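Hi,

Here is the structure I said I would pass on. Have a look at it first, and then read on for what turned up.

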Amino acid sequence: MKNDLQKILLNENDIRKRIQELGLEIDRHYEGREILLVTLLDGAIVFAADLIRNLSSPLRLDCLRVSSYGNSTDPETAPRILSSLKSEVEGKDVLLVDDILDTGNTMQRVSEEVLSKNPASLKTCVFLDKPDRRQNHFRATWSGFFIPDEFVVGYGLDYAGQYRQLPYVGTLKPSIYEK
Ligand code: PRP
């Protein structure tokens with residue numbers, strides 16, 4: 001699997017150090033208030049698992065499944081929320097966690113949905129952020145790494161469902177996706 005990579009962008013040490021920093025920043029923000037931490041499936045499970053172990057704030061976990069939709073902004077194919085939260089959102093401090101902020105359409109859609117339920121606050125934390133790809137004005141509250149517009153895999157991110165378990169982030173050799 002490692003042989004399929006062209007280069008490693010973020011190694012395990014880079015990732016570990018940055019998540020420690022994020023944990024401190026997030027804890028500082030919430031000042032001991034309980035977080036309702038909502039992970040967007042599937043890609044964010046790896047990041048969320050490491051992030052929560054770097055948080056001291058009390059927290060509860062929930063998850064959301066959002067439809068995959070390619071890059072279209074067509075309302076017919078815009079991101080759709082396929083599951084509902086098990087938790088009551090009203091009055092809670094909600095933190096949405098995702099693996100990558102690309103066009104921003106997924107986070108925008110999910111944020112609108114959560115805000116419609118009257119949380120006390122809504123913040124967002126993404127592992128990777130590709131600002132060049134944004135199709136709206138969405139900005140994450142916390143971004144792990146800003147990266148250029150390159151297709152990356154690993155640490156939760158997939159190509160055709162594969163490579164999610166790699167503990168680092170890298171780009172694929174063109175021969176893999178030109179097959
Ligand atoms: C990916 C990623 C984000 C979304 C970001 O999800 O996990 O949720 O795309 O893209 P956007 O900013 O352009 O909306 P994907 O649909 O590939 O599903 P996955 O999490 O199962 O990999």
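One definition before anything else: two residues are in contact when they have heavy atoms within 4.5 Å of each other. On that basis, take the contacts in the chain between residues at least 6 apart in sequence: 66% of them join residues at least 24 apart. Do keep in mind that this is a predicted model.

Now the overall picture. The chain has four helices and eight strands, and along the sequence they come in the pattern β-α-β-α-β-β-α-β-β-β-β-α. The radius of gyration is 16 Å, which agrees with the value near 16 Å for a compact globule of 179 residues. Along the principal axes, the C-alpha atoms fill a box of roughly 50 × 40 × 25 Å. Of the 179 residues, 45% count as buried. The accessible surface is about 9,500 Å², with 46% of that belonging to carbon and sulfur atoms. As for charges, there are 23 positive and 27 negative ones, and their mean positions lie 3 Å apart.

On to the inside. The largest nonpolar core has 25 residues, and the ones touching the most other members are Ile26, Phe47, Leu51, Leu95, Cys125, Phe127 and Leu128. Two or more residues each come from helix 1 (12–30), strand 2 (35–41), helix 2 (45–52), strand 4 (93–101), strand 5 (121–129) and strand 6 (142–146). Helix 1 gives the largest share, five residues. There is also a second, separate core of 16 residues, with Leu36, Val38, Val94 and Val126 among them.

Which elements do the buried residues of helix 3 pack against? They pack against strand 2, strand 3 (59–65), strand 4 and strand 5. The buried residues of helix 3 (105–115) are Asn105, Thr106, Met107, Val110, Ser111 and Val114.

Ile176 sits in helix 4 (residues 174–177). Is Ile176 buried or exposed? Its relative accessibility is 11%, so Ile176 counts as buried, the cut-off being under 20%. Leaving aside neighbours within four places in sequence, Ile176 is in contact with Asp4, Tyr159 and Tyr163. Ile19, by contrast, is 157 residues away along the chain, and the C-alpha atoms of Ile176 and Ile19 are separated by 30 Å.

Most residues other than glycine have a negative phi, and most peptide bonds are trans.

- The peptide bond from Leu41 to Asp42 is cis, with omega near -5°; Asp42 lies in the loop between strand 2 and helix 2.
- Glu31 has a positive phi of about 50°. Glu31 is in the loop between helix 1 and strand 2, and at 67% relative accessibility Glu31 counts as exposed.
- Ala160 has a phi near 50°, again positive. Ala160 is in the loop between strand 7 (152–153) and strand 8 (169–172), and is exposed, with a relative accessible area of 65%.

Cheers

Conventions. Residues are numbered from 1 along each chain as its sequence is written. This is a predicted model: local features need pLDDT of at least 70, side-chain atom pairs count only at pLDDT 80 or more; totals for chains, interfaces and linings use all residues. Side-chain values use heavy atoms; hydrogens and water are left out. The radius of gyration is taken over C-alpha atoms; the globule rule is 2.2 Å times the number of residues to the power 0.38. Buried means under 20% relative accessible area, exposed over 50%, partly exposed in between (1.4 Å probe, protein chains only). Accessible areas come from the Shrake-Rupley method with a 1.4 Å probe; for residues, only the protein chains shown count as cover. Lys and Arg count as positive and Asp and Glu as negative; His and the chain ends are not counted. The place of a charge is taken as NZ of Lys, CZ of Arg, CG of Asp or CD of Glu. A nonpolar core is a set of buried Ala, Val, Leu, Ile, Met, Phe, Trp, Tyr and Cys residues joined through side-chain atoms within 4.5 Å.
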